[in-house]
Amino acid sequence: MTDTRIHTRFDAGSTAADVLVDVDLTGLRAVVTGASSGLGVETARALTAAGATVTLAVRDTTAGATVAEAIARETGRQPDVRVLDLADRGSVAGFVDGWTEPLHLLVNNAGVVTSGLERTVDGRELQFATNHLGHHALARGLRAALATGAAERDGARVVVLSSTAHMRAGVDFEDLDFTRRDYDPQIAYAQAKTANVLFTVAATRRWADDGIVANAVNPGGIVTGLQRNFSAAQRASLAAAEAAGAFAYKSVEQGAATTMVAAVAPEFAHTGGHYLDDGNEAYTVPDTATLVEHPHGVKAWALDPEAAERLWAVSDELTAAS
């Protein structure tokens, strides 16, 4: 059978700097969420070093300012810092309302992991609300800016960070917020990571005529602040998955490489709704497949166009202004 997946010259060992060799991003305006730590910092640093004008969208603007100053010392160019709390609908709306510039690249990088059930002030399960709903509302709100940016540069891109965790669970449309089923933080995180991929499927279909494409990426196993709230059970599960060969740890620089591929590689300039792994489009596996058997695959439930459209409609309803 012919392999129709999109391939690039990059792999698991590539770094963000490798992807950006000889790439000039002067004139490109980018927003990176969660850019005060981990992968977000490296993503913002690499984009700035390549010439992009970058905005760090962060909950903690003090931490964001520290990162921006460090990037400026290294690159000679200082990113902008703006407040954004993805779990707060008012904060997302405020960020959108304050954005007046064309936008060429939106990197939905921020994420949260909880060890137990936590809810937003609206009663939403926190991982789904932050990792998916907040980003959905942000991207929807910035669509006009992205469309303007697309007209300037022959296309705009949205990059959404997902994870191999999506292999654990699809989206439970009957109980998104765990009001009826027992709470499992790993299943909740998996649901959010599947939702991240489904967003790119629907966004690309809806926005392609505007010149906007969206792709999801798996950065790989990276040690970041995301793990700081892990319970003992979550840490044990992660260790077991590593021992079974489900993933191997990467550096932060390597982890940001696939984000850069989705953000700048010509292979993904005009095509979206894909899940990238190690710099290339992943192969699709059945919903019954296991992560250990297919550590570089993407489950069919994450690419299902009907589920993507259903999720979009639900997300619109849940993020609408009250």
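Buried means under 20% relative accessible area, exposed over 50%, and partly exposed in between (1.4 Å probe, protein chains only). Helices are DSSP runs of H or I with at least four residues, numbered from the N terminus. This is a predicted model, in which local features need pLDDT of at least 70 and side-chain atom pairs count only at pLDDT 80 or more, while totals for chains, interfaces and linings use all residues. Residues are numbered from 1 along each chain as its sequence is written, and side-chain values use heavy atoms, without hydrogens and water.

**Exercise 1.** State how many residues of helix α2 are buried, and list them.

Solution. Step 1: α2 covers residues 38-49, which is twelve residues. Step 2: nine of the twelve are buried, so the helix is mostly covered. Step 3: the buried residues are Leu39, Gly40, Glu42, Thr43, Ala44, Arg45, Ala46, Leu47 and Thr48.

**Exercise 2.** Decide how the axes of α5 and α7 are oriented to each other.

Solution. Step 1: take α5 as residues 126-141 and α7 as residues 185-207; their axes come within 7 Å and cross at roughly 15°. Axes are lines fitted to C-alpha atoms over the stretch in contact, with angles from 0 to 180 degrees between N-to-C directions. Step 2: angles under 35 degrees count as roughly parallel, over 145 as roughly antiparallel, 65 to 115 as roughly perpendicular and the rest as oblique. Step 3: α5 and α7 are therefore roughly parallel.

**Exercise 3.** Find which residues alanine 147 touches, leaving out those up to four places away in sequence.

Solution. Step 1: alanine 147 lies in helix α6, residues 143-153. Step 2: contact means heavy atoms within 4.5 Å. Step 3: alanine 147 touches Asp210 and Ile212.

Note on methods: Helix = DSSP H or I, 4+ residues; strand = E, 2+ residues; numbered from the N terminus. Expected span 1.5 Å × (residues − 1).
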